[in-house]
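The following exercises are meant to be worked with the sequence and the coordinates side by side.

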Amino acid sequence: MHTVLQQLVNGLSLGSIYALLALGYTMVYGIIKLINFAHGDIYMLGAFWGYYVINQWHFSFWPALLSAMVFCALTGVIIEYLAYRPLRNSPRIAALITAIGVSFLLENGMSYLFSSNVRNFPQAMHVKSYNFLGAKVSNIQILILVVSIVLMILLQLIIRRTKMGKAMRAVSVDPDAAQLIGINIDRTISFTFALGSALAGAAGVMIGLYYNSIDPLMGMTPGIKAFVAAVLGGIGLIPGAALGGFVIGILETATQALGFSAFKDAVVYVVLIIILLVRPAGILGKNIKEKV
């Protein structure tokens, strides 16, 4: 029982990171039907920004987290403006290939500028452990879970209660009709990229603090897993992305606990194949009939 509880705690901590990343995927897809494969590398940039400001400017954790969110939000807007906006009316395959190209550009650019060596993330917070029903829970795990849940709640409030959130929902339903009633499409899409990228930046700083190591290729695998989480929960659905992230995190830690650490990545992709065969719309998704 203690082992199960311990793995559940580990899974929720890791899953909350995947959930934050998956939210970025699902928001962008919901707005412009694009799978932004560079999203995992925004997460990497957030981790490196946190590393830099803590080491060079001696920021504490909270200023580092907030500044990483701002930096990644601006980076997301710039990427959307330069790489994706010119291709908005092009075939989807063109935008998809561009997203992959942006991902490689960020990874190789960071490797060239800062080398591909693994760096130790500065411990901006003293680590403490607590016993909870026989399981060890660190203050870092509690922090990650609480911050992730707070950010998800804020995201829901922004989408449901603000004017820009209503614009996002309108554009996701019918961009042409939204434009006819006066919604600025470009501004709404840029805001969506900023919001998703800010969440990725926060996830990057927290995962750096959790694992104590970062490198320019750190966003590749988590980015793909977060995409799987978004598909699992229902691509385009914000609650589905959050649910999918937690499911993937728990599944990955359970696989490691059973002694199959070498297959923890493979299990995620097996789940993706199964969900696409059994329920392509995802756990919370609904099958929508399209007119031909």
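A residue counts as buried when its relative accessible area is under 20%, as exposed when that area is over 50%, and as partly exposed in between. The model is a predicted one, and the values used below are computed from it.

**Exercise 1.** Decide whether E252 is buried or exposed, and find which side chains make polar contacts with the side chain of E252.

*Solution.* Begin by placing the residue, which lies in helix 10. Next, look for polar partners: the side chain of E252 makes a polar contact with the side chain of Y18 at 2.8 Å, and another with the side chain of K225 at 3.0 Å. Finally, list the surroundings; leaving aside neighbours within four places in sequence, E252 is in contact with L14, Y18, K225 and K264.

**Exercise 2.** Determine which residues of helix 11 are buried, and how they are arranged around the axis of the helix.

*Solution.* Helix 11 runs over residues 264-278, and its 15 residues reach 21 Å from the first C-alpha to the last, close to the 21 Å expected. Within this helix V268, L272 and I275 are buried. Seen down the axis, the buried residues of helix 11 fall within an arc of 70°, so they line one face of the helix. On the other side of helix 11, I273, L277 and V278 are exposed. What covers the buried residues includes helix 9 (220-233) and helix 10 (238-257).

**Exercise 3.** Compare the geometry of the aromatic pair F37 and F227 with that of W49 and F71, and locate each pair in the chain.

*Solution.* The count of aromatic pairs comes to ten. Among them, F37 and F227 form an edge-to-face pair, with 5.6 Å centre to centre and 65° between the planes. This pair links distant parts of the chain, since F37 lies in the loop between helix 1 (2-32) and helix 2 (39-56) and F227 in helix 9, 190 residues apart. F37 is partly exposed at 25% relative accessible area, whereas F227, at 18%, counts as buried. W49 and F71, in turn, form a stacked pair, 4.5 Å centre to centre with 10° between the planes. W49 lies in helix 2 and F71 in helix 3 (residues 61-84), so the pair ties together parts that are 22 residues apart in sequence.

Conventions
Residues are numbered from 1 along each chain as its sequence is written. This is a predicted model: local features need pLDDT of at least 70, side-chain atom pairs count only at pLDDT 80 or more; totals for chains, interfaces and linings use all residues. Side-chain values use heavy atoms; hydrogens and water are left out. Helices (H or I, at least four residues) and strands (E, at least two) are DSSP runs, numbered from the N terminus. The expected span of a helix is 1.5 Å times one less than its number of residues. Buried means under 20% relative accessible area, exposed over 50%, partly exposed in between (1.4 Å probe, protein chains only). The arc is that of the directions from the helix axis to the C-beta atoms. Contact means heavy atoms within 4.5 Å. A polar contact is a pair of N or O atoms within 3.5 Å; within protein, one must be able to donate a hydrogen and the other to accept it, and residues adjacent in sequence count only if both atoms are side-chain atoms. Rings of Phe, Tyr and Trp (its six-membered ring) pair if their centres lie within 6.5 Å; planes under 30 degrees apart count as stacked, over 60 as edge-to-face and the rest as tilted.
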